Amino acid sequence: QLQLVESGGGLVQPGGSLTLSCVASGDTYGYFTFGWIRQAPGKERERVSCINSSGKIEYMDSVKGRFTISRDKAENTIYLLMNTLKPEDTAVYYCAATPGWCDSEFEYWGRGTQVTVSS
């Protein structure tokens, strides 16, 4: 079992920044790929970014150059630094984990944290 707890969401103006955190607990933390997945009202889920235990990283096109994913193995934490935020980034952001890669089915999910980009 793996437990995931997100934090760091909030309200930010366009052009602003936020850092999301996801604390993972469980014996096999080191073997998972972690992803940030977002869902806006009325829209499908989007895989924003993923990182695996070897440091392989992937981003969806619309966030490349603005978002940075990282993981601190000592702290069992995954981060998503979001810069130059846009209103279209508004969504609930979920931390999720899979034993495969980013295109696999995510087996473990956090409860999500709301990000709202608005003036």
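This report walks through the disulfides, one serine and the aromatic rings of a predicted model.

First, some ground rules. Residues are numbered from 1 along each chain as its sequence is written, and side-chain values use heavy atoms, with hydrogens and water left out. Because the model is predicted, local features need pLDDT of at least 70 and side-chain atom pairs count only at pLDDT 80 or more, while totals for chains, interfaces and linings use all residues.

**The sulfur bridges**

Let's start with the cysteines. A disulfide here is a pair of cysteine sulfur atoms within 2.5 Å. How many disulfides does that rule give? The count comes to two. Here they are side by side:

| Disulfide | S to S distance | S-S torsion |
|---|---|---|
| C22 to C95 | 2.1 Å | about -75 degrees |
| C50 to C102 | 1.9 Å | about 60 degrees |

The torsion of C22 and C95 is about -75 degrees, so that disulfide is left-handed. This pair links distant parts of the chain, with C22 in strand β3 (residues 18-25) and C95 in strand β9 (residues 91-98), 73 residues apart. Strands (E, at least two residues) and helices (H or I, at least four) are DSSP runs, numbered from the N terminus.

For C50 and C102 the torsion is about 60 degrees, so the disulfide is right-handed. Again the pair links distant parts of the chain: C50 belongs to strand β5 (residues 46-51), C102 to the loop between β9 and β10 (108-109), and they are 52 residues apart.

Are these cysteines buried or exposed? "Buried" means under 20% relative accessible area, "exposed" means over 50%, and "partly exposed" is in between (1.4 Å probe, protein chains only). C22 has 0% relative accessibility, so it counts as buried. C95 is buried as well, at 0%, and C50 is buried at 0%. C102 comes in at 3%, so it counts as buried. If you number the bonded cysteines in sequence order, the pairing reads 1-3, 2-4.

**A serine in β3**

Strand β3 also holds S21, which counts as buried because its relative accessibility is 16%. What does S21 touch, leaving aside its neighbours within four places in sequence? Taking contact as heavy atoms within 4.5 Å, S21 meets V5, E6, S7, W36, T77, I78 and Y79. As for G10, eleven residues away along the chain, its C-alpha atom is separated from that of S21 by 12 Å.

**Rings and a charge**

Now for the aromatics. A pair of aromatic rings is described by the distance of the centres and the angle of the planes. Rings of Phe, Tyr and Trp (its six-membered ring) pair if their centres lie within 6.5 Å; planes under 30 degrees apart are stacked, over 60 edge-to-face, and the rest tilted. This gives four aromatic pairs. One of them is F32 with F34: the centres are 6.4 Å apart and the planes at 55 degrees, so the pair is tilted. F32 is buried at 7%, and F34 is buried at 0%. Another pair, Y94 and W109, is edge-to-face, with 6.0 Å centre to centre and 80 degrees between the planes. Those two link distant parts of the chain, Y94 in strand β9 and W109 in strand β10, 15 residues apart. Y94 is buried at 18%, whereas W109 is partly exposed at 32%. F32, F34 and Y108 form one aromatic cluster.

Finally, look at R45. A charge sits over a ring if NZ of Lys or CZ of Arg is within 6 Å of the ring centre and within 35 degrees of the ring normal. The charged end of R45 sits over the ring of Y94, 5.8 Å from its centre, and R45 also lies over the face of W109, at 4.4 Å from the ring centre.
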